[in-house]
Amino acid sequence: MGRFSGQKAVVTGAAGGIGRAIVAQLLDEGATVAGIDRDATPLGEMEAGHPGRFFAVTGDLADTDAARQCVAAAVEKLGGPPQVVVNGAGVYALAPALEVEATDWEFNQAINLRGSFFVAQAAVRARKAAGDTSPMAIVNISSTGALRMGTGDAALSYGASKAGLLGLTTGMAADWAKENVRVNVVVPGVIDTTMVRLMDDPDAGRAWLDARVPMARLGRPEEVAKAVCFLASGDASYITGTQLIVDGGYLCV
């Protein structure tokens, strides 16, 4: 019996590197999962690979109404509200601070911050409408960019959206604790996904890792997934409003 046997989960950004690893971990531990992403093709492949256990929902979380509709579709496919919600959808619009335009800013904020809230809100509303009072866990995915910005990687507006998610997490945790809902946030460092271009130049990438990451390697998506699933599970039943950093020691130096 896995930690999530008999439980339903919703994962956004399910087709991405970290999101897909989270889905795999939840499925491995017994959950039934609805995955939300704007990329229909990999979602369809995942659904075909896990019939009856993974359900694909395609949509763009940048639009609030669409985000709510995606959650409604996920609830319908799962046959009820989820016990676990993971906000893994994220985008990474880069521009130096003096060159950030409103479109860059809005792109990051709309999905990374606003979308995360309205997905969570829709799930909590669905749970309340169903009269479900069982424990619910929400896990947001931030970034070490929330805590260390302005380091020359042109990620200021991205970092601001991820920093907002840290504050949003504590606010949701405090507000929804009375609803038997826990809310926590995982803060990954440099993880080996298609979003990371650090190793495009292997020599420069290796020099950066050696200088900036005490463990001197990229993180693996499954390492983030295990942290997420810990916070989502009953093993973390008295943990809410906290940050779990998964960065190989990057923030230590």
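How are α4 and α5 oriented to each other, roughly parallel or roughly antiparallel? Before I answer, a word on conventions. This is a predicted model, in which local features need pLDDT of at least 70, side-chain atom pairs count only at pLDDT 80 or more, and totals for chains, interfaces and linings use all residues. Residues are numbered from 1 along each chain as its sequence is written, and side-chain values use heavy atoms, with hydrogens and water left out.

Helices (H or I, at least four residues) and strands (E, at least two) are DSSP runs, numbered from the N terminus. Two packed helices are described by the angle between their axes and the distance between the axes. Axes here are lines fitted to C-alpha atoms, for helices over the stretch in contact, and angles run from 0 to 180 degrees between N-to-C directions.

I turn to the opening question. Helix α4, residues 102-129, and helix α5, residues 156-176, have axes that come within 8 Å and cross at roughly 20°. The two are therefore roughly parallel to each other; the classes are under 35 degrees for roughly parallel, over 145 for roughly antiparallel, 65 to 115 for roughly perpendicular, and oblique for the rest. The crossing of α4 past α5 is right-handed, a term used if the near helix is turned clockwise from the far one by less than a right angle, anticlockwise being left-handed. Contact (heavy atoms within 4.5 Å) involves, among others, W105, L113 and F117 of α4 and Y158, L165 and W176 of α5. By class, the residues of this contact are 12 nonpolar, eight polar and two charged. Ala, Val, Leu, Ile, Met, Phe, Trp, Tyr, Cys and Pro count as nonpolar, Asp, Glu, Lys and Arg as charged, and the others, Gly among them, as polar.

Helix α5 itself has 21 residues and reaches 30 Å from its first C-alpha to its last, close to the 30 Å expected at 1.5 Å a residue; the expected span is 1.5 Å times one less than the number of residues. Its buried residues include L165, L168, M172 and W176, where buried means under 20% relative accessible area, exposed over 50%, and partly exposed in between, with a 1.4 Å probe and protein chains only. The cover over the buried residues of α5 includes α4, β5 (136-141), β6 and β7 (243-246).

Among the residues in contact are I18, I22 and L26 of α1 and V224, V228 and C229 of α7. The contact of α1 with α7 divides into nine nonpolar, two polar and two charged residues.

Finally, the loops. G16 is found between β1 (8-12) and α1 (17-28), and is partly exposed at a relative accessible area of 29%. T144, in the loop between β5 and α5, is buried at 6%; leaving out residues up to four places away in sequence, T144 touches V187, P188, G189, D247, Y250 and L251.

Most residues other than glycine have a negative phi. N180, between α5 and β6 (181-188), has a positive phi near 65° and is partly exposed at 36%. A216, between α6 (202-212) and α7, has a positive phi of about 55° and is partly exposed at 25%.
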